[in-house]
Amino acid sequence: MMNKEAFWQAMQGLVYLSSCAVNQTVPDAQKIAALDLEQLYEAADRHMMTSLAAMALESAGIHDPLFTQARGKAIRKTAMMEIELQNLLSRLEQERIWYALLKGAVLKDLYPAYGMRQMADIDLLFDADREKDIRHIMEELGFTTELFGAYNHDVYYKQPVCNFELHTELFDATEGKNLHTYYRHIREKLLKDDDNGYGFHFTHEDFYLYVTAHEYKHYSSHGTGLRSLLDIYVYLKAYREQMDLSYIRAEAQKMGIAAFEETNRELAWNLFSGQSLSEEQQTMLQYICFSGTYGNLKNTVQNQVQKTGKKQYVFQRIFLPMEKIKSYYPFFYRHKLLIPFLMIYRVVRVLTADRKKLKKELHILHEQK
């Protein structure tokens with residue numbers, strides 16, 4: 001396990017290799033020689049960017065076994081998920097269910113090489129009125145239902161590596177009122193695909209806004225990783241000249257993320273195009289680098305305490321707000337008289353299965369001013 005200074009050095013190396021990979025330039029031999037490949041791998045793995053780093057290193061003639069294996073796994077996983085996605089889309093067409101691809105399912109094709117952009121799952125928006133039909137289809141295709149009807153997306157898994165998150169809505173009410181309200185009727189903004197019967201897609205501006213809003217959701221709660229920032233750069237590189245920036249700014253303002261959108265966009269562009277960063281951008285970059293792909297508990301506690309104060313944070317952790325009960329425990333939301341039993345269940349769970357997490361959370365909370 002690296003210390004903070006070593007990890008930051010490794011992350012700087014990963015930023016450099018990322019820039020080389022997506023801009024299709026060969027890394028400088030001296031800079032490559034200065035890298036500790038073991039530490040670089042650990043940093044890249046935390047941000048789900050080992051395949052990208054492998055491709056950048058290989059372009060400079062460096063074939064490290066760990067990175068080579070990671071690249072191979074990423075390519076195989078992408079191929080398997082694409083096969084399953086095409087099977088699903090074929091069924092959606094047959095059953096006349098409208099759908100739209102989200103996030104990595106679109107972004108991966110904008111990277112210069114196949115498998116460069118690693119994916120944890122496939123995300124797709126679909127007609128919420130057909131949720132039960134979708135479950136039937138997924139199970140017929142060999143998927144196991146991991147989560148259904150309890151959140152704004154259902155989760156399905158098929159061995160060995162296929163995770164699908166199928167969304168009835170883009171944002172849940174617990175993820176921010178502005179985002180939930182803005183995206184509640186997003187279907188009205190989607191454009192019909194030309195090459196199928198029931199597929200839809202975003203405009204370039206609206207897809208960028210959704211990816212940014214999704215990044216903000218993670219950034220402002222538990223943090224988000226370097227891959228998300230690179231996604232923004234890759235998308236801008238592909239469509240920046242075609243997008244209406246005044247529209248983007250106006251819509252970001254409606255969502256309450258205008259300041260984040262601007263700073264994040266400028267950071268992504270400056271960082272991966274080799275330009276200097278402002279002090280604000282440097283601070284933002286460090287937060288992102290130390291967050292990892294999916295953020296961490298420290299960020300979650302700090303961000304929530306900053307929003308609500310320590311006392312309110314503790315109160316809401318003990319007594320869940322009703323909108324969170326609705327999302328996380330729908331059975332108890334439907335049977336509100338049983339909510340006291342939910343509190344008992346949560347106490348028992350935190351004192352048994354989640355004891356280590358509770359101890360860590362209390363330690364972080366104690367450090368907050």
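Arg187 lies over the face of Trp98, at 5.1 Å from the ring centre; a charge is taken to sit over a ring if NZ of Lys or CZ of Arg is within 6 Å of the ring centre and within 35 degrees of the ring normal. The model is predicted: local features need pLDDT of at least 70, side-chain atom pairs count only at pLDDT 80 or more, and totals for chains, interfaces and linings use all residues. Residues are numbered from 1 along each chain as its sequence is written, and side-chain values use heavy atoms, with hydrogens and water left out.

**Aromatic pairs and cluster**

- Rings of Phe, Tyr and Trp (its six-membered ring) pair if their centres lie within 6.5 Å; planes under 30 degrees apart count as stacked, over 60 as edge-to-face and the rest as tilted.
- By this rule, the count is 18 aromatic pairs.
- Tyr183 and Tyr210 form an edge-to-face pair, because their ring centres are 6.0 Å apart and their planes stand at 70 degrees.
- This pair links distant parts of the chain, with Tyr183 in helix α8 (residues 177-183) and Tyr210 in helix α9, 27 residues apart; helices (H or I, at least four residues) and strands (E, at least two) are DSSP runs, numbered from the N terminus.
- Tyr183 and Tyr210 are both buried, where buried means under 20% relative accessible area, exposed over 50% and partly exposed in between (1.4 Å probe, protein chains only).
- The rings of Phe202 and Phe207 have centres 5.9 Å apart and planes at 70 degrees, so this pair is also edge-to-face.
- Phe202 and Phe207 are buried as well.
- One aromatic cluster is formed by Phe171, Tyr182, Tyr183, Phe202, Phe207, Tyr210, Tyr235 and Tyr239.

**Surroundings of Tyr210**

- Tyr210, in helix α9, has a relative accessible area of 0% and is therefore buried.
- Apart from neighbours within four places in sequence, Tyr210 is in contact with Leu102, Lys103, Leu170, Phe171, Tyr183 and Phe202; contact means heavy atoms within 4.5 Å.
- Between Tyr210 and Leu229, which are 19 residues apart along the chain, the C-alpha atoms are separated by 14 Å.

**Helix α9 with helix α10**

- The axes of helix α9 (residues 204-219) and helix α10 (residues 226-239) come within 10 Å and cross at roughly 170 degrees. Axes are lines fitted to C-alpha atoms, for helices over the stretch in contact, and angles run from 0 to 180 degrees between N-to-C directions.
- Helices α9 and α10 are therefore roughly antiparallel to each other; angles under 35 degrees count as roughly parallel, over 145 as roughly antiparallel, 65 to 115 as roughly perpendicular and the rest as oblique.
- On α9 the contact is made by His204, Phe207, Tyr208, Val211, Thr212 and Glu215, and on α10 by Ser228, Leu229, Ile232, Tyr235, Leu236 and Tyr239.
- The contact residues of α9 and α10 comprise 8 nonpolar, 3 polar and 1 charged. Ala, Val, Leu, Ile, Met, Phe, Trp, Tyr, Cys and Pro count as nonpolar, Asp, Glu, Lys and Arg as charged, and the others, Gly among them, as polar.

**Helix α3 with helix α4**

- The axes of helix α3 (residues 37-46) and helix α4 (residues 50-59) come within 8 Å and cross at roughly 140 degrees.
- By class, the contact of α3 with α4 has 6 nonpolar, 1 polar and 1 charged residues.

**Backbone geometry**

- Most residues other than glycine have a negative phi, and most peptide bonds are trans.
- Gln159 and Pro160 are joined by a cis peptide bond, with omega about 5 degrees; Pro160 is in the loop between β4 (153-158) and β5 (162-167).
- Gln24 has a positive phi, near 55 degrees, and is placed in the loop between α1 (4-23) and α2 (29-33). With a relative accessible area of 64%, Gln24 is exposed.
- Lys103 has a positive phi as well, near 45 degrees, in the loop between β1 (99-102) and α6 (104-107). Lys103 counts as buried at 14% relative accessibility.

**Position of His136**

- His136 is in helix α7 (residues 131-140) and counts as partly exposed at 47% relative accessibility.
- The C-alpha atoms of His136 and Tyr151 are separated by 18 Å, the two residues being 15 apart along the chain.
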